Amino acid sequence: MLILPEFKLERPKSLAEALDAARRADGKCDFLGGGTDLLCNYKWGINTRPVVISLRGIAEMNRRDGRRVGGGVTLASLERDADFLDAFPGFRGALARLASPLIRETGTVAGNILLDTRCIWLNQTEFARKALGNCLKADGPECRVVKGSTDRCYANYSGDTAPLFMVHGASARLASPRGERSVPLTSFFRIDGITRFVKERDEVLVSLDMPPDAAEIRSSYQKLRVREAWDFAEVATAVGVRFDGPASKKRIGELRIVANAVASIPLWLEDVAKPFAGRTLDEATIDAIGDSVTAAVQPVRATWLPPSYRKQMAGVMAKRALREIAAGVA
Ligand SMILES: Cc1cc2nc3c(=O)[nH]c(=O)nc-3n(C[C@H](O)[C@H](O)[C@H](O)COP(=O)(O)OP(=O)(O)OC[C@H]3O[C@@H](n4cnc5c(N)ncnc54)[C@H](O)[C@@H]3O)c2cc1C
Ligand code: SF4
């Protein structure tokens, strides 16, 4: 049986109290949303800290207010939010295939964006990790997936909502004792499985904010996983299209693509997408976009399925998403 290590649990009732608790902990703390990721990692003894600050009691973070989605909103309540899903239908499929209904009742939007990177070497019990040999991300000298890497971890990012928030142009609103700032999600992540993002340890992810034109983007998210009942993505692709003129004409005004679960961050494929502006979204264009996605990604062996297969499937997922958008389903 896996047992939680001891830690001090703080339960602030306001953002100010949460930030004060983080200041008192002097960086030796983690914030807690639903705990469906953090507490699993604690049970595995991965990077535990002596203070855990629960954000569940902060009312302002637990609601959606127009285009602002509070970090504490649960995935299940977003899934039941008809207005949100009507505006951003791509989330419907993504949320339905994210973990399990029980986990979605507990897991939060912020926790999902900040989901820790995963790796078949690391996400094991402490006993197994010691037997295999510790790695760079937890107490070891070097990466075991990319041998010889002593300064970068290649663990896989597989949060399912970040790619969709990215194609809709969302920003992360962060609060710390130094004040508030807003960071576009496309520049929020850092390509390293340990550092992961620009958020500082004492910063709370208060909300995800969509821009005024977010609902003009038609989006779809396609995900490949080993077990269809519930599982993390082995590869997934989010696509967003802003049509130039009526959608029935299918002329691409702007194309946005995020390849997910093929690197330590959701990959914003701006250079892949740009050349397709002005083209008609027909089968030839869909094939060409899918092939460009496949060419652009370079997964490594941090998950169960072989990297060469996941590379091919990144393009296949892009094509499926584009066909959904072209058919007006998404
Ligand atoms: C069996 C199983 C299957 C799963 N399958 C999937 C899947 O298919 N797709 C998927 O995306 N995820 C999956 N997950 C992972 C997880 O359940 C979800 O990502 C969930 O949304 C995490 O949210 P949480 O609130 O529980 O996060 P927590 O565990 O509370 O936190 C996750 C991280 O975010 C930090 N954090 C949380 N909230 C904030 C905040 N507001 N500000 C600052 N830091 C914060 C925590 O410190 C921690 O580092 C799965 C988990 C399990 C156990
Ligand atoms: S990618 Fe390398 S450093 Fe990162 S968790 Fe896996 S083995 Fe460890």
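Is N47 buried, partly exposed or exposed? Select N47 to begin: its relative accessibility is 33%, so N47 counts as partly exposed (buried means under 20% relative accessible area, exposed over 50%, partly exposed in between, with a 1.4 Å probe and protein chains only).

This is a predicted model, in which local features need pLDDT of at least 70, side-chain atom pairs count only at pLDDT 80 or more, and totals for chains, interfaces and linings use all residues. Residues are numbered from 1 along each chain as its sequence is written, chains are lettered from A and ligands numbered from 1 in the order in which they are written, and side-chain values use heavy atoms, with hydrogens and water left out.

**Two backbone stops**

N47 sits in the loop that runs between α2 (38-43) and β3 (51-54); helices (H or I, at least four residues) and strands (E, at least two) are DSSP runs, numbered from the N terminus. The phi of N47 is positive, near 45°. Most residues other than glycine have a negative phi. R196 is not a glycine, yet its phi is about 70°. With 16% relative accessibility, R196 counts as buried.

**The ligand shell**

Now select ligand 1 and the 32 residues that surround it, each having a heavy atom within 4 Å. The closest are F31, G34, T36, L38 and T108. By class, the shell holds 16 nonpolar, ten polar and six charged residues (Ala, Val, Leu, Ile, Met, Phe, Trp, Tyr, Cys and Pro count as nonpolar, Asp, Glu, Lys and Arg as charged, and the others, Gly among them, as polar).

The side chain of D160 places an N or O atom 2.7 Å from a nitrogen atom of ligand 1. For L205, a backbone N or O atom lies 2.9 Å from a ligand nitrogen. At K223, a side-chain N or O atom is 2.9 Å from an oxygen atom of the ligand. Taken alone, ligand 1 exposes 970 Å², of which the protein buries 93% (Shrake-Rupley method, 1.4 Å probe).

Colour by element: β2 (29-32), α7 (109-113) and β8 (204-209) each give two or more residues to this shell, and α7 gives the most, three.

**The nonpolar core**

Finally, select I113, F165, F188 and L255, which touch the most other members of the 71-residue largest nonpolar core, a set of buried Ala, Val, Leu, Ile, Met, Phe, Trp, Tyr and Cys residues joined through side-chain atoms within 4.5 Å. Helix α12 (residues 307-326) supplies the largest share of this core, eight residues.

Conventions:
A polar contact is a pair of N or O atoms within 3.5 Å; within protein, one must be able to donate a hydrogen and the other to accept it, and residues adjacent in sequence count only if both atoms are side-chain atoms.
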